[in-house]
Amino acid sequence: MLHKCAKIIILLSTALVFTSLAQRGHRPTLNEVMLRYDGPVPSTIVRDHCDMQKALFMGAWVVYTDTAFVDGSEPLQYRGPEVGRGFVTSAVFLNAPMPHIGIVIDGKAFTLLPSTLTWRRAAGVASFVTDVSALQCCFTTQDKYTEEINSLVLLYTSGSIVGEERVYVSYDGGFRYTDLHVASTSMQYLRGIYRLPVSGNTVALVQDVYNNFYFRNTVNWATSQLSESFPLRDNPFYLRVILVAGLRGHLIIWSPQMVLYSPNDGSVLVPVSEFGQEDSVVPPPSIFVQGITTAGNGAIAVVMNDGGLYYGRLGLEGVVVKFPINIYQDLGMSRHMVMYFDEHSDLVFLNYMYNIYQNQVHFKHFHVHVQQQLTQTSPPVISCPVERFSGDFDGKLFYMDKGDSIMLNVVYVPTPNCPFFPVVTLTNADALVTEELIEMDGTTPDGYKTFVMDIGVKLSTAAVIEEEGLATISVDLMEREVSCNKLNPQKAHVIMACPPGKHIRVMRNSTACSRGTFTPEQLRDNFTYTIPKEVYDPGLHFRPNQADKDLTIKYSYFDHLCPLLVYYDMPWRPTFELWEGDTFLEVVKADFVMFERHGMHNYKYLQTAKTAKCVSQPQDWISMLQLNAHMDSTWTNQNYRSCKDYHGPSLTDPNAEYQVLSQESRNKIAFSNYNGMYLFTAIVVDPDYSFCSLRTTFTVYVYGAFPKRILPYGVLCGIFIAILTTLLMIGYLRKRNIFAKVIRYSDSDTH
């Protein structure tokens, strides 16, 4: 018995071993790899610009924190078959479609959901890559435009020859990539690709064969050079670009022997200079840059390899002042330290320690109070001569539609003889214009005069404004440099696009329900109506006699409510209201067009091209449908051309029906002798009225028409004449009969 049991155990064991081997043959081995940074500096910090508590430390370990490195954290590990060594070369925080991290490990792209430590390999990447870049929009209002900014991610290989290596773009937050076409005109090496915050352009940082570098627009690669060229001073592997948070268009380009600053998305690059030292640049001779950090309020800090620390505020110029502190001698920092600005705009330096027993990395914080250091600099920085500088708009997002304007204001309280004054700057001066007015608004308890700067902002009329452009309006103290450190510039972000929730509604002065023709209950209760085959075109081309059967329509009260009530014999034109959310704005006076959604064509327009005083041939539905057969996109504000435009096609048919309506014209719709329901879609086509695609669908019930005659006109006339003749004859005979009776009675009386 025991012998048999032993045999069974051996057989079962053998089966399990072979099953395990078979499974191993079909299932890849899952590696657990500790991640570590492999970049141009020993260690760095990647910040989440939308949440100051979240960051990645990348050095000998890669550590994620959501407590600003206050708590210890386990080093990140990747578990899966795709990673071998675990070398991380680039990472970025992303917002869409949910907060996550894009990260490059061993030349492959991944996404990490830090809340659950869920890894996912990015799809569509078929070649080795090194870097990932993206922008973060941190607006509380999230809509289509901000989601598009947050969802665009770029992936590339630094140092590759432009045009030979593949560059990738993702439109879903880095989960799936497609090829981005980047063409080269000569031998150039790719050093980075970035989506610029203000212009919205995608630009490449390239190096030519002469070791010069510059930005180029990836769309107009052959002709559009965005910046002047600068010579490389170091190995190009160390060349780095910082897109400063805040969407003001500030860029920092640096390597160990160079720090350049651009205040306008790379169009102009200038060396960063040292305050109080004439014609000096940073870094000084024989000194190398160890690290740079920036903040959204324009603060910048630069650490040198000798422990020197520089600080500045980025504005129209890049000027920094040298602090008296030495971080190596005074703070005991190591060469692998990293730094960042905290929520108070003070500097924090980190040293890390790994606890092997807890498997956690702990960080020691060293704080440098900026204001305290500024009081000890040499030459001394003057104390801030401004008591108050604040606005009612800082950090807010505004939408600017065509015809809109924005009013902003800043309160400014200077001390006597203050050399600083507020100045307004725009990141897109071609699209927006401002008007400023400064007025005195009383005095403070200390006797200082209080001034209010009112700023009016509107779209420029001198340029064609592209939809969905982003501009940042900044109000700062002119030439303050590093003075007034605690008084941050006031920023407002303007998106030149359709405001969310903007729409039109038809004005409902008289409906079929309010006049008793229908009741809401009738229309809700599976109400249907029939369109005779003679009055509609199933192909929606307004052609008569195209339908071979009547059309039965189920009415949707939920979508259309009660229909408007219109008398058939009275020319009619609807009136539309412009709304933003639940706020009424105005009555729409712009040009609009209409079509019946089921192809009904038994109505006409009152005006012709001649009576509408057109100077060019007007557009109409028939001609527009020849270009695009889809009714909803056939005629819009993207392709509308007014017939009052002298540059349009010549007026060849002055008797053509004029099919454009507006509240300021005499054109209206005239219905035929027909009682029935119409379902209209109206589209605002005036391109100067709004960025929005303004349209609405509504129902109209036409009443009062005479019943349709069922016999030909001649037959009806014959019947009418016969009836009339018969009546006359009857009348005549009756009259003769009555007259005969009168004579008879008269004769009898005589006798």
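Which residues form a nonpolar patch on the surface? In this predicted model, the patch is made up of Met-34, Tyr-354, Ile-356 and Tyr-357, which together have about 480 Å² of accessible area. Of these residues, Tyr-357 sits in the loop between strand E29 (347-355) and strand E30 (360-368), and with a relative accessibility of 80% Tyr-357 counts as exposed.

E28 and E29 are joined by four bridges, and Tyr-340 stands opposite Val-348 in E29.

Turning to charged side chains, the structure holds ten salt bridges. One of them links Asp-404 and Lys-502 at 3.8 Å, N to O; because Asp-404 lies in the loop between strand E32 (396-399) and strand E33 (405-414) while Lys-502 lies in strand E39 (residues 502-506), the pair ties together parts that are 98 residues apart in sequence. Asp-404 counts as partly exposed at 26% relative accessibility, whereas Lys-502, at 11%, counts as buried.

Another salt bridge joins the side chains of Asp-632 and Arg-695 (3.5 Å, N to O), and since Asp-632 is in helix H7 (residues 631-634) and Arg-695 in strand E49 (residues 695-703), this pair connects parts 63 residues apart in sequence. Asp-632 is partly exposed at 22% relative accessibility, and Arg-695 is partly exposed with a relative accessible area of 26%. Salt bridges that share partners also join Asp-401, Asp-404 and Lys-502 into one network.

How values were computed. Residues numbered from 1 in each chain as written. Predicted model: local features only at pLDDT ≥ 70, side-chain atom pairs only at ≥ 80, totals over all residues. Heavy atoms only, no water. Patch = residues over 30% accessible without salt bridge, like charges linked within 9 Å, V, L, I, M, F, W, Y side chains within 5 Å. Areas by Shrake-Rupley, 256 points an atom, 1.4 Å probe, with all protein chains shown as cover. Salt bridge = Lys/Arg side-chain N within 4 Å of Asp/Glu carboxyl O. Helix = DSSP H or I, 4+ residues; strand = E, 2+ residues; numbered from the N terminus. Buried < 20%, exposed > 50% of the residue type's maximum accessible area, 1.4 Å probe, protein only. Pairing = 2+ DSSP bridges.
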